[in-house]
Every structure is written in structure tokens, then in C-alpha cells.
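Reader: I would like to learn how to read the features of a model like this one. Could we take them one at a time?

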Amino acid sequence: AIYPEALPADAPSYTLAFAVGRYTCQALGKTTAGTTVDVCWLPDGKTKALKGTRSLVAAFDWLEQTIGNYTFGKKVASVAAAWGKSAAGGMEHHPYWHVATTEMDLPITHVHEAVHGWFGTGVRMQCWEDFVLSEGTTSYLSARALGQVTNDATEEAIWEEYRGILEDTLVDEDIIAWPQTCGEVDMLTDGLFSNIVYMKGAFFWRAVADAVTPEVLDAVFARFYERNVGLAARMEDLVAAVEADTGFDPAPLVQRWLRSRGSPFE
């Protein structure tokens with residue numbers, strides 16, 4: 001059984017989890033801040049696990065150095081989760097987050113779950129309507145982190161994949177990524193648990209980064225994280241921080257990407 005002995009920082013209730021199986025774990029390395037990064041795989045899963053985590057230490061180090069100190073201990077791990085052949089994605093059970101066995105060879109999935117240590121788990125949502133604060137921000141920072149520790153081509157390929165996911169999703173469903181209410185939306189029955197939130201949220205932040213530069217947006221995230229780590233926050237707080245810190249008004253981008261239906265690419 002793999003589970004943390006304690007959660008040393010405030011976190012959402014869904015953070016705590018355990019995984020049981022015939023696990024083999026291997027240390028991948030240590031970050032500049034001294035955080036040990038491991039990966040744990042199930043039988044016959046070593047090759048995929050090592051392929052998917054080849055950039056994980058570097059990405060985690062970039063997050064610590066750029067966004068702020070990690071608050072869930074000095075040891076983390078990507079843990080394979082046998083959720084079934086049709087399962088996908090992962091779950092942000094920090095410090096030992098889970099990744100579906102079907103995606104253990106995908107660097108973006110490992111890094112996405114790692115990023116939740118800063119947004120989604122580190123800074124948690126005040127309302128389910130703020131789901132984009134967690135998933136949109138994390139999807140953006142996953143692409144950003146991997147691009148910074150690999151190359152521009154890797155990041156661009158991620159954005160091309162994101163665009164394909166969004167366009168494919170819009171064929172079957174169309175929702176507002178960021179509802180204006182708080183506490184009135186049910187994640188499942190109202191359809192907010194959707195790739196639209198992940199992808200439109202990511203592209204919103206990319207558009208903001210294009211306006212203020214990615215480095216300036218990194219600094220906005222870092223200041224917001226420092227002020228709000230361990231607390232619940234609203235997406236509107238993070239959007240307001242952009243204008244307060246940079247003087248750039250992101251309202252038109254909010255309307256285009258987060259408060260409108262349909263494809264923003266048209």
C-alpha cells in the first residue's frame with residue numbers, strides 16, 4: 001500500500017488516497033530544493049513508467065524554482081493506478097499522485113498531476129465553479145514546464161494536442177468553462193467535469209502570456225501562490241491578480257475563452 005504518513009499542509013478533502021498493488025518504486029532524482037521524486041509502477045509497467053517520467057524531476061524543479069516552495073513534504077511520487085483499460089488521466093493525490101496505467105508513458109500526464117501541488121491542491125478551489133482555477137491553470141503550466149525543461153518543439157506539440165482535444169470535445173458537448181455562480185453547480189450532473197474546462201482554461205492563460213510575456217505570467221502565478229497556498233481561492237482572484245500585477249486587463253480574453261460557448265479559434 002502506498003500512501004503518505006501525513007499531509008503536512010491544508011488540502012482539499014480528495015487529496016488523501018492510497019494505492020494497493022505489487023508495486024516497484026524507483027527514485028528518479030532530487031530537485032535543487034531537496035525534494036526526492038520517485039515513480040512507482042505495477043508489474044510489466046517499468047518501461048512505460050520510466051519513459052513517462054524522464055522529464056519529471058526537471059519539471060518539478062522548475063515549478064519549485066519558478067512558482068514557489070512545495071508544501072506537501074520532501075518526497076513525491078507518480079504512482080501507477082490500475083483503473084481499467086478505458087481509464088485515462090490521473091488524480092492529484094499529493095504527495096503521491098496517481099496516474100492511470102494507460103498513460104504512464106505520457107510525460108504530460110505525470111507533470112500535470114505534479115503541477116496540482118501548486119494549483120488545485122496547493123491553492124484549492126473555493127467553489128466547483130472555480131474548476132478552471134485548478135485544471136485550466138494546471139494544463140497551462142504543464143505545457144509551460146515541459147517546454148522549459150525540454151524544448152520549444154515539445155511545448156508546441158502539447159499545444160497542438162490540446163487544440164485537437166478541445167475541438168474534438170466541442171463536437172459532442174459545449175459548456176461555459178467558468179460559470180459566474182458559486183456553489184450552484186454540480187460537477188457531474190451539470191457537465192462541468194469536461195475537457196472544455198481543461199483546454200479553454202489552458203488557452204486562456206496562453207493568451208494572457210502572449211499579452212504580458214510568459215515570464216511575467218510566471219511571476220503573477222508565483223505571487224498568487226505565495227499569498228494563497230493552503231487556502232481556498234476563486235478564479236476571479238487570480239484573474240484580478242493579473243491586472244493588479246501587470247496593468248493588463250484580461251477581461252476580453254475571459255469573455256472569449258471562459259465565458260463563451262463554441263470554438264474560440266473561429
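**Reading burial, packing and backbone**

Author: Alanine 49 is buried, because its relative accessible area is 0%, and buried means under 20%. This is a predicted model. Alanine 49 sits in helix H1, residues 46–52.

Reader: Which residues does alanine 49 touch, not counting those up to four places away in sequence?

Author: Alanine 49 touches Val39, Trp41 and Met104. For a separation in space, take alanine 49 and threonine 121: their C-alpha atoms are 23 Å apart, and the two residues are 72 apart in sequence.

Reader: Is lysine 85 buried or exposed?

Author: Lysine 85 has a relative accessible area of 84%, so it is exposed, the cut-off for exposed being over 50%. Lysine 85 is in the loop between strand E3 (75–81) and strand E4 (90–91). Its C-alpha atom is 6.7 Å from that of threonine 102, a residue 17 places apart from lysine 85 along the chain.

Reader: Which residues touch the most other members of the largest nonpolar core?

Author: They are Phe119, Phe204, Trp205 and Leu217, in a core of 81 residues. Helix H6 (residues 195–212) gives the most to this core, namely twelve residues. Leucine 217 has contacts with Tyr140, Trp205, Val208, Ala209, Val212 and Val242, leaving aside neighbours within four places in sequence.

Reader: What describes two packed helices?

Author: Two packed helices are described by the angle between their axes and the distance between the axes. Take helix H5 (residues 152–172) with H6: the angle is about 135° and the axes are 9 Å apart. That makes H5 oblique to H6, since angles over 145 degrees would count as roughly antiparallel and 65 to 115 as roughly perpendicular. The crossing of H5 past H6 is left-handed.

Reader: Which residues of H5 and H6 meet?

Author: On the H5 side they are Glu156, Trp159, Tyr162, Arg163, Ile165, Leu166, Thr169 and Leu170. On the H6 side they are Asn195, Ile196, Met199, Lys200, Ala202, Phe203 and Arg206. Sorted by class, the contact of H5 with H6 has nine nonpolar, two polar and four charged residues.

Reader: At what angle do H6 and helix H8 pack?

Author: H6 and H8 (residues 235–246) pack at about 5°, with axes 12 Å apart. The two helices are therefore roughly parallel to each other, as the limit for that label is under 35 degrees. From H6, Phe204, Trp205, Val208 and Val212 meet Met235, Leu238, Val239, Val242 and Thr246 of H8. The residues of this contact of H6 with H8 are eight nonpolar, one polar and no charged.

Reader: Where is aspartate 44 placed, and what is its phi?

Author: Aspartate 44 is in the loop between strand E2 (36–41) and H1. Its phi is near 70°, a positive value in a residue other than glycine. Aspartate 44 is exposed, with a relative accessible area of 83%.

Reader: What is the phi of threonine 213?

Author: Threonine 213 has a positive phi of about 85°, although it is not a glycine. The loop between H6 and helix H7 (214–228) holds threonine 213. With a relative accessibility of 35%, threonine 213 counts as partly exposed.

Conventions: Residues numbered from 1 in each chain as written. Predicted model: local features only at pLDDT ≥ 70, side-chain atom pairs only at ≥ 80, totals over all residues. Heavy atoms only, no water. Core = buried A, V, L, I, M, F, W, Y, C linked by side-chain atoms within 4.5 Å. Buried < 20%, exposed > 50% of the residue type's maximum accessible area, 1.4 Å probe, protein only. Helix = DSSP H or I, 4+ residues; strand = E, 2+ residues; numbered from the N terminus. Contact = heavy atoms within 4.5 Å. Axes fitted to C-alpha atoms, helices over the stretch in contact; angles between N-to-C directions. Left-handed = near helix turned anticlockwise from the far one by under 90°. Nonpolar A, V, L, I, M, F, W, Y, C, P; charged D, E, K, R; others polar.
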